[in-house]
Amino acid sequence: MPGFIDGMMPIQLLAELLLIIAIFILGAMILDKKMGIHIPMLLQAVFVFIAGWWYYKYRIDPPLPFSVRAIYQVMISVGIFMWVSSAEKGWIEFKRPIIAVLDAKTPLTWWVRAVLLVVLPLSASGMTYINLAPSLSEPIELRTVHPAPPAAVKVHGKKFPLQTSESPFRIDENGEYSDHVQDAHVMDNPFDPDGIDYMQNVKEGGEIFFQNCHFCHGDNLNGRGLYAFAFNPIPANFTDPGTLAQLQETFVFWRVAKGGPGLPREGFPWASAMPPWEQHLTTEEIWKVILFEYWHTKYPPRTWGEE
Amino acid sequence: MKRLFEGGMRNKQLLSWVAVVVIVGALLLPLVISIPLLAQEFEEAALEQAAAEEIVGEEVPVQQIGRDVHYGDEGIVQGPPAPVTSDNENDYPRYNFESRVIIWVATQQHLYYGSFVLAVPIFVMIIEFIGMVTKDRSMAKKYDTLAYDFIKISIVAYSITAILGGVLVFTFMILYPTFWTYMTKIFHPAMHVYVLLFLAESGTLYIYYYGWEAMKEGLLKWVHLTMAVFLNVFGTVLMMLANSWATFMMSPAGVDAEGQYLGNVWLAVHNHLWNPVNIHRLLGNMVFGGGIVAAYAAYRFLSAKNDEERAHYDWMGYVAMFIAVAFLIPLPFAGYYLMREVYAYRQQMGITLMGGLLAWLFIIQAVLIGALFLTTNYYLWQGMERMRGAERYQKYIKYMTFVLIVCFLVWLTPHTMVMTPTELKEMGGQQHPVVGNYGVMSAKNGAVNIIITTTILSFLLYQRCNKIPTVSWARYGNIALWMLFGGAFVNIIWLAIYGYYIPANVRVGLSVPQVVSTLSCLFIGTAINLLMMRGAKPTGPVEWGKISVRSQYAIFMLATSFTWMMGLMGYIRSSVRLHWHVNEVMRDNSPWAFTHTIGFAANMISFNVLFFWVTLLFVFWLGTLGTKKVVVEKVRVVTVPAPATSH
């Protein structure tokens, strides 16, 4: 089966689900109207339930965590209930085999009921056992991925208010701070000796990145560097639209300068191996490496002003 | 005599106009109060007066000038600095129990009942008005009875609200005396106004309720309606005053950095988050009130002894649900505005709420919001069973269910997932490369707009279930509706995808055209639908009472979800202050200045919900006592009754 196409994954998933449901509805309709075979409502419901479970368990790669699959499966069940019980006719049809089993008026339904009466409590006890049995796996940890930043941060003796500070190197040809300079030069060659100051700073930032950061954050800035999988969780993936792209440049400045030890108490326990880079880099070097990271990922830093 | 008569007519007209002006003026009063500009003018006047006094050279004691923490203006210090408390019996007297939990329960219960009794008179006023202007006398009578039924439930709840208000004030005074003293030093004038307004509201409410029969005809009926207007104006201003104390604690104003009061209570009231909270609470109260009344109707429906009662309470539940949903649709946008203002006030506060410490609670909120819309759709689909001819539209339900469920899945996919370290390693990072993309705002905005638009579609289908349009342009009307909804879906989905490729601050702006698409479907779609249904051929009456019991349980679910969500969001709003009584001004030094675990908070919210519903059942039961056997006319409704709010 073909995999998910890079860059199209979210839409592809929705399209595939749409296709599965369309085939299901069309198939049921053809069977019913053209061939006179009516699939009982209960069976249709069971089919949708299993199809959903199969899709999320086996189709999606890498595998989804159980918590997410559980949420999805509950939602699929809710959807099935809404569908079968939306009209009285369908609801009666759906309930009919269940009630027949509970009434047990035929030998077949009697046997089904007897088996269910044994299997259901056994499954419940089995699940209870699995849940309660001591396990060697580490417990689930709720991490707060976006820590709330302080109002200001002090780096190398200078105070930077996070709401108002600006990168000294995000400057246009006139030497003025500009939110648009990156857009204008995103395709430029950083090694061009005639490049504007902004591109020279990007290049220097890149050098700093490859001397210090890429071991963990990766040469594609995707959080999969040489050492990445020695950490748990692995380092931040800057190409993800949920990381750098969501943040103000000053927020990243704070995180780089203060590293894991500088994280606020409110989200404790933090699991970050990030060193406080202010102990190794100058303020200017920190700003430059951030400049490079934004330039390389093509995401502009978040701003709060009007565009 | 003739002249007098003519004069009388003119006077009557004049009186009507005066009445209209008074009603409109009264309704505008809360708006006028909420304009911040007026507050600043007061401040400037005070400073000018102070300057003038100095110029005159009278012996004025040296006045300390402080700078307002929010507005940045200078003002004369008129109060002590915010007290620095410590963990002792003087600042925090205590029982052998967590004081914060006690205040939590007291506040939440007061808020539940307060919201209910503030909301119900608003829609009682609307329904009474509809009854008065409805020409069909039997329908007019039905509306009037309905309005009376509504206010009857709230009258007992009103006493409970007052009692709980007393409990709350005493709890503050006993458990948090230092903090309470500080607050009263700033807000005492507003608190006195609050008490007076409460008296006025009580008086008006009792005359309004007990005078219903005596004032049911002619001019007196209009006087009665005017009382409803005043009742609501008093109630709304009361709520706004109480809101100002809560929002002052989040985003203080009118004090300097030391917490010293600068003498203008108007500025303290007009703090940064006051108006966003006012709007959000007003809409939220309507949704909540509608939900509770609908639950009451469902309770009466399920316990009804005959078809007439069943028909009446089915209809009552429908109208109440309709009100709840009508206000539920703009509620997320008001919430969005509030959050935007929170971010604008303090980025830190915004991130703590939505990205940081409290973010997991927002996931729960997302689940509840989704559940509300799913339940609403389900109720409407169940309602189709009341009408013959609905089969034409019931076949679309499975498609709408699919759309709703898929959008719901996107809506509640967390950006950061709960997983074991083993799963984390398998996944290769905190964000999943496929479904992780649904965790960001762009996807969620798209999903929630599609959910709302589908709900609107369900409603339009419901409206036309038992009618076949006869207007000559019916075909074009249907095409227009298809295009409207199709266009909205395409626009919303396209913008959701486009949002991934543009900077965050531009993306925020994309929500506007998405919302415009949704609201266009609501207003234009409903308008086209109503016009198409003029003179439509009925396929049968709306058979009120012929609805499944599942629909009534759906109402209970809806009402309980409202209650749970209100408890949850109230907790989030309050706990975002972290270790501050008054943000950045007065620190909370009690032993309980930590943020509770999510599990503890969820249990507390559930306890509050349960407590509220148990006491509410008592209120419902009281509502059934002393009820005269209402002779309910056999309902012969052809048109679907919908309050004026629908279009």
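Between chain B and chain A of this predicted model, the count of salt bridges is 1. The partners are Arg550(B) and Glu88(A). Their closest N and O atoms are 3.1 Å apart. Side chains of opposite charge can pair when their charged atoms come close. A salt bridge here needs a side-chain nitrogen of Lys or Arg within 4 Å of a carboxyl oxygen of Asp or Glu, so the 3.1 Å between Arg550(B) and Glu88(A) meets the cut-off.

Between chain B and chain A, 11 residue pairs are in polar contact, with both residues at pLDDT 80 or more.

Which elements of chain B give two or more residues to the side that touches chain A? They are α11 (347-354), α12 (359-383), α14 (397-412), α15 (421-427) and α18 (504-532). Of these, α14(B) gives the most, with 11 residues. Now sort that side of chain B by class. It has 36 nonpolar, 21 polar and 7 charged residues.

Next, take the contact as a whole. Chain B brings 64 residues to it, and chain A brings 70 residues. The area buried between the two chains is about 5,900 Å². Carbon and sulfur atoms give 66% of that area.

Now step back to all chains. The structure holds 18 salt bridges in total. One of them joins Lys258(A) to Glu278(A), and their closest N and O atoms are 3.0 Å apart. What does this pair tie together? Lys258(A) lies in helix α8 (residues 249-258) of chain A. Glu278(A) lies in the loop between α8 and α9 (283-297) of chain A.

Finally, look at the spaces inside. The structure holds 5 cavities of 30 Å³ or more. The largest cavity has a volume of about 80 Å³. It is lined by 14 residues. Which of them are closest to its centre? They are Leu118(B), Ala119(B), Ile122(B), Asn232(B) and Thr236(B).

Helices of chain B supply much of the detail here. At least two lining residues come from each of α3 (99-133), α6 (218-250) and α8 (274-302) of chain B. By class, the lining of the largest cavity has 9 nonpolar, 4 polar and 1 charged residues.

Technical notes:
Residues are numbered from 1 along each chain as its sequence is written. Chains are lettered from A and ligands numbered from 1 in the order in which they are written. Side-chain values use heavy atoms; hydrogens and water are left out. Contact means heavy atoms within 4.5 Å. Buried area is the accessible area (1.4 Å probe) that two parts lose on being put together, summed over both. A polar contact is a pair of N or O atoms within 3.5 Å; within protein, one must be able to donate a hydrogen and the other to accept it, and residues adjacent in sequence count only if both atoms are side-chain atoms. Helices (H or I, at least four residues) and strands (E, at least two) are DSSP runs, numbered from the N terminus. Ala, Val, Leu, Ile, Met, Phe, Trp, Tyr, Cys and Pro count as nonpolar, Asp, Glu, Lys and Arg as charged, and the others, Gly among them, as polar. On a 1 Å grid over the protein atoms alone, a cavity is a set of points where a 1.4 Å probe fits but cannot get out, and a pocket is an open set with protein on both sides within 12 Å along at least five of seven lines; lining residues have an atom within 4 Å of a point. Grid points are joined across faces, edges and corners, and a volume is the space filled by probe spheres set on the points.
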